[in-house]
2 protein chains.
Amino acid sequence: MGKQLTEMLKGTLEGIVLAILAGKAAYGYEITAGLRENGFTDIAEGTVYALLIRIEHRGLVDVEKVPSEKGPPRKVYSLNTAGREYLEEFWKTWSFLSEQLERLREGDE
Amino acid sequence: MGKQLTEMLKGTLEGIVLAILAGKAAYGYEITAGLRENGFTDIAEGTVYALLIRIEHRGLVDVEKVPSEKGPPRKVYSLNTAGREYLEEFWKTWSFLSEQLERLREGDE
DNA sequence: CCAACTATTCAGTGTTACTATGTACTAGTA
DNA sequence: TACTAGTACATAGTAACACTGAATAGTTGG
């Protein structure tokens, strides 16, 4: 993978993180670790944190500071109503793109 | 759609154009028009031309100048061996991302 | 005390799509 | 002639986003 994936993640990583948060509230370190276990081995720490701050500023998530047993306090993010609506939009956009690509892939064989 | 799609196209538009060229040789104006007819209504002219120049410099396509009946000469692009290999890689990367997202979508229901 | 793990932040970089504009050729038309 | 519209390509500047690399801070174990 590598560079192609990096470029492809632009726009989709945001949806991925929102989808994770739709499942359950989570904090940055946890999300990053989860992604790494699921094939996104090269995801950079900083990337996820920057993304979380971005979606927080856009009002898509609520934040709560929770003390950790080990290490500094965690910032736990949870999807709010606006976030849920935005995620809906994301899935529509993704479906559209996905269909176009599937069509192209089949057309070439 | 709009902004979400714009970000998602980063990384995928390149693959889309390569896949089109895998079907048959084409020139910029033609590709842009084709994309617009297939749902990508907001694709900017300049975007496709810039992309074509980029993949040409990377050696993924061969170029031939062909006179047009109406208007300036066309730059007809065709996928070469390197381009075909790169497209293979693209499909692998896309498949990976696609599977991850499909899993996430199902997991949330 | 120092290393390792947990947890977050941020300045700087590269890539990419978009905006806006300009160039150039042809055909039709007033 | 002059002007519009359609065809065809190019490019400078901007915005958004993921990555690099480094810093900070708390806890635990050797």
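The model is predicted, with local features needing pLDDT of at least 70, side-chain atom pairs counting only at pLDDT 80 or more, and totals for chains, interfaces and linings using all residues. Residues are numbered from 1 along each chain as its sequence is written, while chains are lettered from A and ligands numbered from 1 in the order in which they are written.

Chain A holds 5 helices and 3 strands. Helices (H or I, at least four residues) and strands (E, at least two) are DSSP runs, numbered from the N terminus. The order of elements in chain A, from the N terminus on, is α-α-β-α-α-β-β-α. Along the principal axes, the C-alpha atoms of chain A fill a box of roughly 55 × 30 × 20 Å. Of the 109 residues in chain A, 32% are buried. A residue is buried if 20 or more other C-beta atoms lie within 10 Å of its own, exposed if 12 or fewer, and partly exposed in between, with C-beta atoms placed from the backbone. Two residues are in contact if their C-beta atoms, placed from the backbone, lie within 7 Å. Among contacts in chain A between residues at least 6 apart in sequence, 49% join residues at least 24 apart.

The 3 strands of chain A form an open, antiparallel sheet in the order 1-3-2. Strands pair if DSSP finds at least two bridges between them. Strand 1 (26–27) and strand 2 (61–66) of chain A stand at the edges with a single partner strand each, so one side of each has no neighbour in the sheet. Strand 1 of chain A is joined to strand 3 (residues 74–79) of chain A by 2 bridges, and the two run antiparallel. A:Ala26 has A:Tyr77, in strand 3 of chain A, as its bridge partner.

Chain B superposes on chain A by a rotation of 180° with 0.0 Å of shift along its axis (RMSD 0.1 Å). The two copies are thus related as by a two-fold rotation axis. The superposition is by least squares on the C-alpha atoms of residues with pLDDT of at least 70 in both copies. The same surface serves both copies, as 97% of the contact residues of chain B recur in chain A.

At the interface, 29 residues of chain B are in contact with 28 residues of chain A. Helix 1 (3–23) and helix 4 (81–107) of chain B each supply at least two residues of the side that touches chain A. Helix 4 of chain B gives the most, with 13 residues.

A nonpolar core is a set of buried Ala, Val, Leu, Ile, Met, Phe, Trp, Tyr and Cys residues joined through C-beta atoms within 7 Å. The largest has 26 residues; among those that touch the most other members are A:Val17, A:Ala26, A:Ile31 and A:Tyr77. Helix 2 of chain A gives the most to this core, with 6 residues. Another core, of 25 residues, lies apart from it and includes A:Leu5, A:Met8, B:Leu79 and B:Leu87.

Around DNA strand D there are 33 residues, of which A:Gly46, A:Thr47, B:Gly28, B:Gly46 and B:Gly71 come nearest. A residue is near a strand if its C-beta atom, placed from the backbone, lies within 6 Å of it. Helix 4 of chain A supplies the largest share of this surface, 6 residues.
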